[in-house]
Amino acid sequence: MPGPLKILALALGLAAPSACQAPDMAQQALVTGSITYRERIALPPSAIAQVLLHDASASDALSAPIAVWHNEIGSVPARFELPYDPARILDGRDYALSARILDGDRLLFVTDRLFAVLTHGNPDRVDMVMRRAGERERSSSLGK
């Protein structure tokens, strides 16, 4: 993968599987919650939901995901349980979740903000609402 594409893949959480593997079951903790969207439309049967846990301490970029949950999704709200290695969570750092729904390579829904978790008094349970992918681009072009 060329340099810029690899950076984009990491930012989107499409890193190699070794960067996204679940921790050893004996040494894991969970972030839980749900994902949904407001539109009243059905998802294709092949849709996959992903929830990503990131170190969000750097103000200019997200790190490769610490953990990724992915599952087929029939309808929303969908509940998730994302296992992670607590040894990778450091007290002074910021951690956040993001989510998306994909159909193959096509992005259908995505969170438009990060949801703070785990440190600095933030919860380990989050309910996230996503927006339809491309929504901002369509609304900004209508205003011109």
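## Salt bridges

Three salt bridges are present in this predicted model. One of them pairs arginine 93 with aspartate 55, with the closest N and O atoms 2.6 Å apart. Because arginine 93 lies in the loop between strand 4 (78-84) and strand 5 (95-103), while aspartate 55 belongs to strand 2, this pair ties together parts that are 38 residues apart in sequence. Side chains of opposite charge can pair when their charged atoms come close.

Aspartate 103 and arginine 106 also meet through their side chains in a salt bridge, at 3.4 Å from N to O. A further salt bridge joins the side chains of arginine 125 and aspartate 127, with an N to O distance of 2.6 Å.

## Surroundings of aspartate 55

Aspartate 55 is part of strand 2, which covers residues 48-55. Its side chain makes a polar contact of 2.6 Å with the side chain of arginine 93, and a polar contact of 2.8 Å links the side chains of aspartate 55 and serine 57.

When residues up to four places away in sequence are left out, aspartate 55 touches Leu62, Ser63, Ile66, Arg93, Asp94 and Tyr95.

## Accessibility of the paired residues

Aspartate 55 has a relative accessibility of 14% and therefore counts as buried.

Aspartate 103 counts as buried, with 18% relative accessibility. In the pair formed by arginine 125 and aspartate 127, arginine 125 is partly exposed, with a relative accessible area of 40%, and aspartate 127 counts as partly exposed at 46% relative accessibility.

Notes:
Residues are numbered from 1 along each chain as its sequence is written. This is a predicted model: local features need pLDDT of at least 70, side-chain atom pairs count only at pLDDT 80 or more; totals for chains, interfaces and linings use all residues. Side-chain values use heavy atoms; hydrogens and water are left out. Helices (H or I, at least four residues) and strands (E, at least two) are DSSP runs, numbered from the N terminus. Buried means under 20% relative accessible area, exposed over 50%, partly exposed in between (1.4 Å probe, protein chains only). A polar contact is a pair of N or O atoms within 3.5 Å; within protein, one must be able to donate a hydrogen and the other to accept it, and residues adjacent in sequence count only if both atoms are side-chain atoms. Contact means heavy atoms within 4.5 Å. A salt bridge is a side-chain nitrogen of Lys or Arg within 4 Å of a carboxyl oxygen of Asp or Glu.
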